[in-house]
Amino acid sequence: MPQFQVQDMTCKHCEANVINAIKEVDAGADISIDLSLHLLTITSIQDAATLGDAIREAGYTPFLLSEQ
Ligand SMILES: [Cu+2]
């Protein structure tokens, strides 16, 4: 499961935006977020590149830490 660091995801509002962006490409994605560390872990049928693009399109800056 891909893990991203998203430094500009800083509050609950950002968190909701990022979750919505991921749900748009995979409604069944399982998303876990540690807001204090800006960490996002996703279990999804989509690959890391697609998930990263979706987060970027929502206006955030994902850094891929791990692809699996
Ligand atoms: Cu915010």
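Predicted model: local features only at pLDDT ≥ 70, side-chain atom pairs only at ≥ 80, totals over all residues.
Q: In what order do the 4 strands of the open sheet lie?
A: The sheet is open and its pairing is antiparallel. Strands of a sheet pair through backbone hydrogen bonds, either parallel or antiparallel. Read across the sheet, the order of the strands is 2-3-1-4.

Q: Which residue stands opposite D34?
A: Strand 2 (residues 30-34) runs antiparallel to strand 3 (residues 39-43), and 5 bridges join the two. The hairpin they form has 4 residues between the strands, and H38 takes a positive phi near 60° there. Within strand 3, the residue opposite D34 is L39.

Q: How many of the 5 residues of strand 2 are buried?
A: A residue counts as buried if 20 or more other C-beta atoms lie within 10 Å of its own. Strand 2 is hardly covered. Among its 5 residues, the count of buried residues is 0.

Q: Which residue in strand 3 stands opposite Q3?
A: Strand 1 (residues 3-6) and strand 3 run antiparallel. They are joined by 3 bridges. In strand 3, the residue opposite Q3 is T41.

Q: What angle does the direction of helix 2 make with that of strand 4?
A: Helix 1 lies across strand 1, strand 2 and strand 3, and runs at about 160° to strand 2. Helix 2 also packs on the sheet, where it touches strand 1, strand 3 and strand 4. The angle between the directions of helix 2 and strand 4 is about 155°.

Q: Why is helix 1 described as oblique to helix 2?
A: The axes of helix 1 (residues 12-25) and helix 2 (residues 48-57) come within 9 Å, and the crossing is right-handed. They cross at roughly 135°. That angle makes the relation of helix 1 to helix 2 oblique.

Q: How many residues of the contact of helix 1 with helix 2 are nonpolar?
A: Helix 1 contributes V18, A21, I22, E24 and V25, which meet T50, L51, A54, I55 and E57 in helix 2. Of the residues in this contact, 1 is polar and 2 are charged. The number of nonpolar residues is 7.

Terms used
Residues numbered from 1 in each chain as written. Buried ≥ 20, exposed ≤ 12 C-beta atoms within 10 Å, placed from the backbone. Pairing = 2+ DSSP bridges. Axes fitted to C-alpha atoms, helices over the stretch in contact; angles between N-to-C directions. Parallel < 35°, antiparallel > 145°, perpendicular 65-115°, else oblique. Left-handed = near helix turned anticlockwise from the far one by under 90°. Contact = placed C-beta atoms within 7 Å. Nonpolar A, V, L, I, M, F, W, Y, C, P; charged D, E, K, R; others polar.
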